[in-house]
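Subject: Structure handover

Hello,

Here is the structure I said I would pass on. Please open it first, then read the notes below.

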Amino acid sequence: MEYSSEILYNKTSIYCTPAHRFGTDALLLARFAVPRRDERAADLCSGCGVVALEWHDKGHRGPCLALEIQPEASALLAAAAADQNIGHIRPVCADLRSWAPDPAEAGRYDLAACNPPYFAAGPQSPDPVRAAARHEGSCTLADVCACACRLLRDGGKLTLCHRPERLAEVLATMRAHRLEPKRLAFVRSRAGAAPWLFLAEGQKNRRTGLRLEPDILVSAGAAQYGPDFQV
């Protein structure tokens with residue numbers, strides 16, 4: 001498979017193709033909640049692995065599951081991890097709706113993150129890869145939250161990025177799966193502009209209490225890897 005390389009700030013490489021690449025939203029998600037060095041983490045709907053690799057670039061070295069349904073995308077992460085001798089990231093090509101963790105791992109993860117398909121309705125791309133990445137045909141919000149609930153320990157965290165018009169639905173779905181919303185931040189291109197993205201974090205089996213965090217100011221087409229691009 002032919003691919004190009006994108007280099008993160010601390011020189012970790014991500015392998016991409018025109019069909020399997022990433023954007024600003026995935027990097028914002030990865031930086032919204034970074035696992036501690038030895039924590040057990042999961043990158044759901046991992047694509048080419050940007051969240052898992054960004055965590056590695058930031059110093060994470062604990063077990064990291066990267067779950068992705070599309071074989072080509074999962075293979076890109078497997079190649080990047082192998083070529084860079086990153087042994088703690090485990091790419092798994094599987095459907096999160098039916099995949100279940102090993103009994104020894106279930107309920108033991110500290111953090112999960114997901115950049116899910118954003119659209120539940122509307123016209124779909126004729127490209128099946130693009131359609132699967134953008135529309136909920138094979139992965140709904142409920143599917144993501146159910147998978148995260150199976151993985152996470154009590155107090156474990158799920159972080160999501162999504163479109164503002166679906167905020168109420170996202171928070172309600174998290175709560176329905178015992179993932180109590182705890183942190184919320186809006187992403188805007190400039191102060192006073194309407195948000196184009198939000199980041200949310202829920203904790204498994206915790207009490208209510210949502211903290212609204214300061215806005216993150218970054219345009220959707222921002223330069224991705226420089227030191228000024230921070231959450």
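In which loop does Lys11 lie? Lys11 is in the loop between β1 and β2. One point before going on: this is a predicted model.

Backbone first. Lys11 has a positive phi, near 80°, and is a residue other than glycine. Lys11 also counts as exposed, because its relative accessibility is 65% and the cut-off for exposed is over 50%. Look for Cys45 in the loop between β3 (41–44) and α2. Gly59 comes after α2. Its phi is positive as well, near 115°.

Now the helices. α2 covers residues 50–57 and is mostly covered: eight of its eight residues are buried. They are Val50, Val51, Ala52, Leu53, Glu54, Trp55, His56 and Asp57. The crossing of α1 past α2 is right-handed. On the α1 side, the contact is made by Ala26, Leu27, Leu29, Ala30 and Arg31. On the α2 side, Val50, Val51, Glu54 and Trp55 take part. Those four α2 residues are also among the buried ones.

Next, the rings. How many aromatic pairs does the structure hold? It holds one. The partners are Tyr3 and Tyr15, and the pair is stacked. Their centres are 4.1 Å apart, with 15° between the planes. Tyr3 lies in the segment before β1 (4–7), while Tyr15 is in strand β2 (residues 13–16), so the pair ties together parts that are twelve residues apart in sequence. Are the two partners buried or exposed? Tyr3 is partly exposed, at 37% relative accessibility. Tyr15 is buried, with a relative accessible area of 7%.

Two arginines also sit over rings. Arg40 lies over the face of Tyr109, at 5.5 Å from the ring centre. The charged end of Arg183 is over the ring of Phe32, 3.9 Å from its centre.

That is what I found. Over to you.

Best wishes

Terms used
Residues are numbered from 1 along each chain as its sequence is written. This is a predicted model: local features need pLDDT of at least 70, side-chain atom pairs count only at pLDDT 80 or more; totals for chains, interfaces and linings use all residues. Side-chain values use heavy atoms; hydrogens and water are left out. Buried means under 20% relative accessible area, exposed over 50%, partly exposed in between (1.4 Å probe, protein chains only). Helices (H or I, at least four residues) and strands (E, at least two) are DSSP runs, numbered from the N terminus. Rings of Phe, Tyr and Trp (its six-membered ring) pair if their centres lie within 6.5 Å; planes under 30 degrees apart count as stacked, over 60 as edge-to-face and the rest as tilted. A charge sits over a ring if NZ of Lys or CZ of Arg is within 6 Å of the ring centre and within 35 degrees of the ring normal. A crossing is left-handed if the near helix is turned anticlockwise from the far one by less than a right angle, and right-handed if clockwise. Contact means heavy atoms within 4.5 Å.
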